[in-house]
Amino acid sequence: MMESDKKSLGTINDPRWQKITARDKIADGQFWYSVITTGIYCRPSCPSRTPKPSNVTLHDTLESARASGCRPCKRCNPDGGSTDAANASLIEQACRLIETSEVPPSLEALANAINLSPAYFHRLFKAQTGLTPKSYASAHRARRVRDGLSLGLKITDVLYDAGFKSNGRFYAQSSAMLGMIPKHYRKGGLHEVLYFAVAECSLGTVLVASSAKGVASILLGDEPDTLVRDLQDRFPKAELIGADADYEQSIAKVIGFIEDPNRGLDLPLDVRGTAFQQRVWQALRQIPAGETATYAEVAQKIGQPTATRAVAGACAANHIAIAIPCHRVIRNDGSLSGYRWGVDRKRSLLSREGKDK
């Protein structure tokens, strides 16, 4: 075998080569590669044409890449921060601006603040967070309203603190924002009606509860009474209605999805959480069945690469199991780590989706 063929085979068999051909942005900073024919070195996600493996040398450190005698690529800038990291920093600035403004800033104002065109900023924001700037602002405003009402503050004070300019505008959006009228939310869900059902499946006991908007909880466990108490604790003053024949169809769909994930789950959801939690949960719903992502990858996806622990906290706070697939998030070393409803259930769900662990 010729020397070039041996080198090519060695490169192809190295798992890092697959990251280069996939232009894996997650691999940036983990290694670099130089190309003898072009005389440049690059980061794994470089958008340039994929070189022949026989012309590639892989480097564990940036110093090693520099010592190869090649120059840094002008397209991917391997010596500096990645484009994704720079974009994430810009979007994080925009998020902080939204969160600290009394009134949600306009698209133009946000774009100007970080020196981007409105159209490009809008696309970048949605790609990084999974939400449009307007949706993010609405979610943050909703969190401020929920927090204020949970503290028992006056509704008038809460609506103005959240940036609403009039009672009419606030009440027009309050039911969609809270799932009920503000007075009832402040009283712990008073007069809200939740239908629920409990059944057995191969994972144990499952409880499904829905409001008028959609499924508000999917809980897994070993004992029905424990799951019902969990639901009661979350909605202490809501009216809980069980054993409704019509509602049994909803839990049948959930159980069918648990047993066969390829069937999909076509149910409306009533997702309640902070702006950050909703960004995380939206990112989780974008992970296809049969695939996994690390907490770090989810943090990067939402534009906050340093928020790994906060992402883990949002996963732990998820009350809608399966439909918001926090079971598809794993540690950087590939281990399953914790799961609100038990690691064994997490392993079983991943196995059914074709991701054996």
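Colleague: Leaving aside its neighbours within four places in sequence, which residues is Leu-220 in contact with?
Modeller: This is a predicted model in which local features need pLDDT of at least 70, side-chain atom pairs count only at pLDDT 80 or more, and totals for chains, interfaces and linings use all residues. Residues are numbered from 1 along each chain as its sequence is written, and side-chain values use heavy atoms, with hydrogens and water left out. With neighbours within four places in sequence set aside, the contacts (heavy atoms within 4.5 Å) of Leu-220 are Leu-203, Thr-205, Val-206, Leu-227, Ile-258, Ala-321, Ile-322, Tyr-339, Trp-341 and Arg-345.

Colleague: Which residues have the most contacts inside the largest nonpolar core?
Modeller: A nonpolar core is a set of buried (under 20% relative accessible area, 1.4 Å probe, protein chains only) Ala, Val, Leu, Ile, Met, Phe, Trp, Tyr and Cys residues joined through side-chain atoms within 4.5 Å. The largest one has 50 residues, and those with the most contacts inside it are Val-206, Ile-218, Leu-220 and Leu-284.

Colleague: Which strands give two or more residues to this core?
Modeller: Strands (E, at least two residues) and helices (H or I, at least four) are DSSP runs numbered from the N terminus. Helices H11 (224-234), H12 (248-259), H13, H14 (295-301) and H15 (308-316) each give two or more residues. The strands that do so are E5 (193-201), E6 (204-210) and E7 (215-221).

Colleague: How many residues are in the second, separate core?
Modeller: This core includes Cys-95, Ala-111, Ile-114 and Tyr-136. Its residue count is 14.

Colleague: How far apart in space are Gln-277 and Ala-314, C-alpha to C-alpha?
Modeller: Gln-277 lies in helix H13 (residues 275-285). Beyond four places in sequence, Gln-277 is in contact with Ala-314 and Ala-317. Gln-277 and Ala-314 are 37 residues apart in sequence, while their C-alpha to C-alpha distance is 5.2 Å.

Colleague: What is the bridge partner of Ser-34 in E3?
Modeller: Strand E1 (residues 32-35) and E3 run antiparallel and are joined by four bridges. In E3, Ser-34 has as its bridge partner Thr-57.

Colleague: What share of the chain's residues counts as buried?
Modeller: The chain's secondary structure comes to 16 helices and ten strands. Of its 357 residues, the share that counts as buried is 45%.

Conventions: Two strands pair if DSSP finds at least two bridges between them.
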